[in-house]
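Here is a short report on one protein model. Look at the fold first, then follow the text from helix to helix.

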Amino acid sequence: MIWEIWWVWVAAGLVLAILELFAPGFIFVGFAVGAMVVGVLIALGVVPPLPWTLVVFAVVSVLVWVGLRLGLGTREGQTKTFDHDINED
């Protein structure tokens, strides 16, 4: 089946990484890394059934997304607050 072909997962990862360029904010980067990891696993000969493949994809994607949000997300005190509204003058 198509999910057992390694380059399909790598191509999906590349497409998701390119989408991240157009929608910044760590939206697609976790999915891109997850797809790349699954592609590499399949290329190395580890071909689990589809449900386990999707579980690996989901777990890696969430771990990478959370890790990036914690590591590169907004820090304490970085949020910009406005005390004055320019429309009130």
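This is a predicted model: local features need pLDDT of at least 70, side-chain atom pairs count only at pLDDT 80 or more; totals for chains, interfaces and linings use all residues.

Residues are numbered from 1 along each chain as its sequence is written, and side-chain values use heavy atoms, with hydrogens and water left out.

**Overall fold**

The protein has 3 helices and 0 strands. From the N terminus on, the order is α-α-α. Helices (H or I, at least four residues) and strands (E, at least two) are DSSP runs, numbered from the N terminus. Of the 89 residues, 19% are buried. Buried means under 20% relative accessible area, exposed means over 50%, and partly exposed lies in between (1.4 Å probe, protein chains only).

How much of the contact set joins residues at least 24 apart? Among contacts between residues at least 6 apart in sequence, the share is 60%. A contact here means heavy atoms within 4.5 Å.

The accessible surface comes to about 6600 Å². Carbon and sulfur atoms hold 73% of that surface. Areas come from the Shrake-Rupley method with a 1.4 Å probe; for residues, only the protein chains shown count as cover.

**Helices H2 and H3**

H2 covers residues 29-43, and H3 covers residues 50-72. The table sets their spans beside the expected ones, where the expected span is 1.5 Å times one less than the number of residues.

| Helix | Residues | First to last C-alpha | Expected span |
|---|---|---|---|
| H2 | 15 residues | 21 Å | 21 Å |
| H3 | 23 residues | 32 Å | 33 Å |

Both spans are close to expectation.

In H2, the buried residues are Gly30, Ala32, Gly34, Ala35, Val38, Gly39 and Ile42. Their cover includes H1 and H3. Just after H2, Gly45 takes a positive phi of about 105 degrees.

In H3, Thr53, Phe57, Val60 and Ser61 are buried. These residues pack against H1 and H2. An α-helix has 3.6 residues a turn, so residues three or four places apart point the same way.

**Aromatic cluster**

Which residues form the aromatic cluster? Trp9, Phe31 and Phe57 do. The structure holds 2 aromatic pairs. Trp9 and Phe57 form a tilted pair, 5.7 Å centre to centre with 50 degrees between the planes. This pair links distant parts of the chain: Trp9 sits in H1 and Phe57 in H3, 48 residues apart. Trp9 is buried at 12% relative accessibility. Phe57 is buried too, at 18% relative accessible area.

Phe31 and Phe57 form a stacked pair, 6.2 Å centre to centre with 25 degrees between the planes. Phe31 lies in H2 and Phe57 in H3, so this pair ties together parts 26 residues apart in sequence. Phe31 is partly exposed, at 40% relative accessibility. For these pairs, rings of Phe, Tyr and Trp (its six-membered ring) must have centres within 6.5 Å; planes under 30 degrees apart count as stacked, over 60 as edge-to-face and the rest as tilted.

Is Ser61 buried or exposed? Ser61, in H3, is buried at 3% relative accessibility. Leaving aside neighbours within four places in sequence, Ser61 is in contact with Gly30, Phe31 and Gly34.

Ile42 belongs to H2. Its relative accessible area is 8%, so Ile42 counts as buried. Not counting residues up to four places away, Ile42 touches Trp3, Glu4, Ile5, Trp6, Trp9 and Val47.

**A nonpolar patch**

Val15, Ile18, Leu19, Leu21 and Phe22 make a nonpolar surface patch of about 550 Å². Patch residues have over 30% relative accessible area and no salt bridge; like charges are joined within 9 Å, and nonpolar side chains (Val, Leu, Ile, Met, Phe, Trp, Tyr) within 5 Å. A salt bridge is a side-chain nitrogen of Lys or Arg within 4 Å of a carboxyl oxygen of Asp or Glu. Leu19 lies in H1, residues 6-22. Leu19 is partly exposed, with a relative accessible area of 35%.
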